[in-house]
Amino acid sequence: MTAPLAKTLFSEVAEGGRWPLNSGSPSLLSLPLPPSPESRMFSAVLGLFSQDVAVDLGTARTRVHQRGLGLVCDQATLLSVQTDVRGRRSVVAIGDDALPMLGRTPQDHEVVAPIAGGRITDFEACEALLLQLIREIHGRNRWMRPRMVVAVPHGATPMETRAIRDSCESAGAREVQLVPRPVAAAVGAELPVECAAGHLVVDIGAGITEVSVVALHGVVSGCVVPGGSGGLDASLAKWLGRERALLVGSETARRLKETLGSADVEAEPATGEARGRCLRAGVPRSVAITRREIAQALTPGITPIADAIRRTLEQAPPELASDIVDNGMVLVGGGAVLDGLDRTLSHATGLAVVVADDPALAVARGVGRMLDEPDLLAQVATA
Ligand SMILES: Nc1ncnc2c1ncn2[C@@H]1O[C@H](COP(=O)(O)OP(=O)(O)OP(=O)(O)O)[C@@H](O)[C@H]1O
Ligand SMILES: [Mg+2]
């Protein structure tokens, strides 16, 4: 995203240009707190009224947990942006409202995904998204300046963490605390993160799979597989092109994976339909596909996850490796609900596998719990 977009995006948002939730008030972005004693006191007073929030900024979905209320937002991590004839850009829709516009925008529109591969790639758009979500949660009260707890990828660089902090502060946060995502996931999956015994957490998100050993409130070791469950969509689309000469979009592949997909090549037989464009005749066509065929198509995306788990186990200190052999692994993230994935990973690694309850929400639940438990937050938060 270009620098002018950032400026115009925010000024449009701030001026109430096109965003339906706008009150026409000045941007929160224009309210930096100078470090004077008066402003610290002012901030403390505002804090008494603000509703603190915990955020899981995911490639596909952004979830916000509000203290005392639980999950208050689960929206697509997307913004739809329009450019007018003078080159001024404005936010037309965010979150799930922007979802139907994906792949369907006219020339003056674009749908922006600020996070790719689990990491923020467009900070300006991310800031605009956070600003709107916070406003939505706090109603139109621009004086609310919440404390924000945000889950960040393990191994985020100082530049990335600085940029995340800046985005949150610009979106109105009076205080920002960052916690490693794998630890938040482990807390959300109700693992005893305070114990010295290691636990293996595998977070299969839309853009990234993080395999982590968590112990004593921190990440001891781990590795990352690029692609996440979104990579499986790409594997399926590729298979349909190769085996059925059918060109399908990523949304079609995702829906097929979610409704009929399996990781188990011996899954119960079932047949569905894939719709796309015939690569030979160039016309729309639909073809039959079975669940077992989908499992074959997904295998190239699942094998690297099993390899990463084995590698993590090999690289972990021997004591922790033996803990993991005893405890098995916990799957979290939306990709964990793929039929047969637990069986397939268990077979490939020899470890017991448990899928967390409501796995897509594990990170949001974990950061949410930290809002309520300051001691836990103090142990987990990164500097
Ligand atoms: N029933 C299902 N079967 C298979 N996959 C599913 C199912 N439901 C959701 N998913 C996949 O889960 C993924 C979304 O998971 P999640 O919400 O954890 O991602 P995220 O947190 O936004 O991304 P990331 O953590 O990688 O930044 C999507 O790729 C989606 O297709
Ligand atoms: Mg995630």
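In S6, which residue is the bridge partner of glutamine 82? Histidine 109 is that partner, and the legends below set the pair in context. This is a predicted model, in which local features need pLDDT of at least 70, side-chain atom pairs count only at pLDDT 80 or more, and totals for chains, interfaces and linings use all residues. Residues are numbered from 1 along each chain as its sequence is written, while chains are lettered from A and ligands numbered from 1 in the order in which they are written.

**View 1. The whole protein.** Welcome to a protein with 12 helices and 18 strands; helices (H or I, at least four residues) and strands (E, at least two) are DSSP runs, numbered from the N terminus. Of its 383 residues, 46% are buried, that is, with 20 or more other C-beta atoms within 10 Å of their own, the C-beta atoms being placed from the backbone.

**View 2. Strand S4 and its partners.** Strand S4 (residues 79-83) pairs with strand S5 (residues 89-94) in the antiparallel sense over 5 bridges; pairing requires that DSSP finds at least two bridges between two strands. S4 also pairs with strand S6 (residues 109-112), again antiparallel, over 4 bridges. Look for glutamine 82, whose bridge partner in S5 is serine 90 and whose partner in S6 is histidine 109. The hairpin of S4 and S5 has 5 residues between the strands, and glycine 87 takes a positive phi near 85° there.

**View 3. A sheet of 3 strands.** Here an open sheet runs in the order S14-S15-S16 with antiparallel pairing. Strand S14 (246-247) and strand S16 (284-290) each have a single partner strand, so one side of each is left without a neighbour in the sheet. Between S14 and strand S15 (residues 271-278) there are 2 bridges, and leucine 247 has arginine 277 as its bridge partner in S15.

**View 4. Valine 150 in the core.** The largest nonpolar core holds 99 residues, a core being a set of buried Ala, Val, Leu, Ile, Met, Phe, Trp, Tyr and Cys residues joined through C-beta atoms within 7 Å. Leu79, Val150, Leu236, Leu331 and Val367 touch the most other members. Leaving aside residues up to four places away in sequence, valine 150 touches Val55, Leu57, Ile164, Cys168, Val176 and Leu178; contact takes C-beta atoms, placed from the backbone, within 7 Å.

**View 5. The shell around ligand 1.** Ligand 1 is surrounded by 22 residues, the closest being Gly58, Thr59, Gly205, Ser229 and Gly334; a residue counts if its C-beta atom, placed from the backbone, lies within 6 Å. Helix H6 (228-244) and helix H7 (250-260) are the elements that give two or more residues to this shell.

Terms used. Buried ≥ 20, exposed ≤ 12 C-beta atoms within 10 Å, placed from the backbone. Contact = placed C-beta atoms within 7 Å.
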